[in-house]
Amino acid sequence: MCGIIGLLLADENAQVNQSIFDGLTVLQHRGQDAAGIVTSERGRLHLRKDNGLVKDVFQTHHMIDLRGNVGVGHVRYPTAGSSSCAEAQPLYTNFPHGICVVHNGNLTNADELTDLCRNQLKRHVNTDSDSELLLNIFADSLLKEMSKNTNGTIDKVENIFSAIQTVMKSCKGGYAGMYLINGIALVGFRDPNGIRPIVFGTRTSKTISSENGADATDYVFASESVAIDTLGFNLNRDLGPSEAIVITMDGKVHTRFCLPADQIVHAPCIFEYVYFARPDSIMDGISVYESRLKMGEKLAYQIIDQYPDHDIDVVIPIPDTSRTSALQAAYILGRPYREGFIKNRYIARTFIMPGQETRKKSVRLKLNTIKSEFAGRNVLLVDDSVVRGTTATEIIQMARDAGANKVYLTSAAPPIRYPNIYGIDIPTRTELVAYERNEDQIAKILGCDWIIFQRLTDLEDSVREAGELDGEIHPQEYETSCFSGKYVTGENINDSYFSKLHDLRNDTAQEQRRFARIESNGSSALPPGSHHGCENLSNDKRTRA
């Protein structure tokens, strides 16, 4: 899971840097590992990327050098490759034209594509990032399309669509991304199943008009609509599955579905509605906030059904994502909603923190209890999901330490029993608390009196019913593999791919790599100017006036 944004401003003299910075800040919840921006100033590219939060990566002197009216940005949460800042995005290749990519998601056939790039396409693959594969395959395909134009006429837009079609036929998995083709176009695209989100927006230029006197238009792509809202753009729509939108530098918009209808199944990731997306976002036309209200409503009815004589005194959310669901659950149950945990907002989200021990230590740093809300009461805690159980176990104990009589737990999501392979860090079955366990066994491990998980059918209905509020037709199928074990791209849980994924991404392996990097950094100095493996910002050595 990452956050991406790209803007093209109609005014060539306008500067896009601050808008991209602001957009990435709004999308920071989607990844805190690294951040990067590349801009294009009349054909000259300027790049800055590094590990860290947006506010730390970009200082004033970086922003001054990020000049140009078009650019793309990225906040990274590593699900493939490593946490090296060399894999921070945007990634760049200089041929043809100079192409940059930002990408959210995961390619499930990355090994096959790496062999293709190295052995057949003869393109250098420098990192373990699957984003580099998306970049190289597109660049190679675009070059081949250009070479077909032997009659002297070059339709650059058609070449771009043909290259993206090759990418979608070659790359398997869930992905949404953007290509910045220097001096030619800004391109947004979405995988054939529409698993990962990307939206498109416009606004009237604040500084210029078009040649015929009409209003000129600025354009934006982003992972979530909240970034578009914040920047003062109008949300036009989501990109459809297998759709690409090409915006040329003169502001002309071209759209196309790159695969035939029989190869498209629209199945957006349902976990976006549960956890990742901000509640004020609209995804595939559906309000995340409204879907979470529905989740809380269905949870409450399930509690009433299973425990009609329950003795719940108070409903308390585990902040932040579960607040909406907890509020509605409390309303249906007829019990007071209270804020029992206060969050330190300067601690990263524990689910996306690398390493089990890191997550465990961060919980009590992140949350503190208001003891008066727990003392002597039977407390219903509402969480958005329970993954490894690290956070839930600590929070349940905190509730007991604060004086709770009984502690019940509900999850707005079903039990997570399978890895996710489309860009979410749920890679190992054995590290999931629900793996081969029923609710009673899970409750015993977590230390709560009982636990109720959302039914998968209720979760799907929650999103669908939220979509029905506007009277529009929305996706009727969702990517639910971490709950159901069914993968829309055809993988089987017994495939060797999952064994390899476990070996690469389990907590023990991640800790070993982290300590290896620490040991390596302590034993050998980096060469001067290496910037810890990251590129310096500007390739523009001209003296500025």
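This is a short tour of a predicted model, stop by stop.

**Stop 1**

Strands of a sheet pair through backbone hydrogen bonds, either parallel or antiparallel.

Which strands sit at the edges? Colour residues 91-93 and 253-257. Now look at how the neighbours are set.

**Stop 2**

Select residues 99-107, which are strand 6, and residues 173-181, which are strand 7. How many bridges join the two? There are nine, in the antiparallel sense. To find your place along the pair, pick L107. Opposite L107 stands G173 of strand 7.

**Stop 2: two cis peptide bonds**

Most residues other than glycine have a negative phi, and most peptide bonds are trans. Select Q89 and P90. A cis peptide bond joins them, with omega at about 10°. P90 belongs to the loop between strand 4 (70-76) and strand 5.

Next, select F95 and P96. The bond from F95 to P96 is also a cis peptide bond. Its omega is near 0°. P96 is in the loop between strand 5 and strand 6.

**Stop 3: two residues with positive phi**

Select S242. It is not a glycine, yet its phi is positive, at about 70°. Find S242 in the loop between strand 11 (234-238) and strand 12 (243-248). Is S242 buried or exposed? Its relative accessibility is 0%, so S242 counts as buried.

Now jump to E436. This residue is not a glycine either, and its phi is positive, near 55°. E436 is in the loop between strand 20 (406-411) and helix 13 (439-446). At 64% relative accessibility, E436 counts as exposed.

**Stop 4: aromatic rings**

Show the aromatic side chains. The structure holds 17 aromatic pairs. Zoom in on F200 and Y219. Why does this pair count as stacked? The ring centres are 6.2 Å apart and the planes lie at 5°, so the pair is stacked; planes under 30 degrees apart meet that rule.

The pair links distant parts of the chain. F200 is in strand 9 (residues 199-209) and Y219 is in strand 10 (residues 215-222), 19 residues apart. F200 is buried, at a relative accessible area of 6%. Y219 is buried too, at 8%.

Then select F138, Y175, Y179 and F189. Together they form one aromatic cluster.

**Stop 5: a cavity**

Go to the second largest cavity, which holds about 40 Å³ of space.

Which residues line the second largest cavity? Select R190, G194, I195, P197, P268, C269, E272, Y273, M283 and D284. Colour them by class. The lining has six nonpolar residues, one polar residue and three charged residues.

Terms used
Residues are numbered from 1 along each chain as its sequence is written. This is a predicted model: local features need pLDDT of at least 70, side-chain atom pairs count only at pLDDT 80 or more; totals for chains, interfaces and linings use all residues. Side-chain values use heavy atoms; hydrogens and water are left out. Rings of Phe, Tyr and Trp (its six-membered ring) pair if their centres lie within 6.5 Å; planes under 30 degrees apart count as stacked, over 60 as edge-to-face and the rest as tilted. Helices (H or I, at least four residues) and strands (E, at least two) are DSSP runs, numbered from the N terminus. Buried means under 20% relative accessible area, exposed over 50%, partly exposed in between (1.4 Å probe, protein chains only). On a 1 Å grid over the protein atoms alone, a cavity is a set of points where a 1.4 Å probe fits but cannot get out, and a pocket is an open set with protein on both sides within 12 Å along at least five of seven lines; lining residues have an atom within 4 Å of a point. Grid points are joined across faces, edges and corners, and a volume is the space filled by probe spheres set on the points. Ala, Val, Leu, Ile, Met, Phe, Trp, Tyr, Cys and Pro count as nonpolar, Asp, Glu, Lys and Arg as charged, and the others, Gly among them, as polar. Two strands pair if DSSP finds at least two bridges between them.
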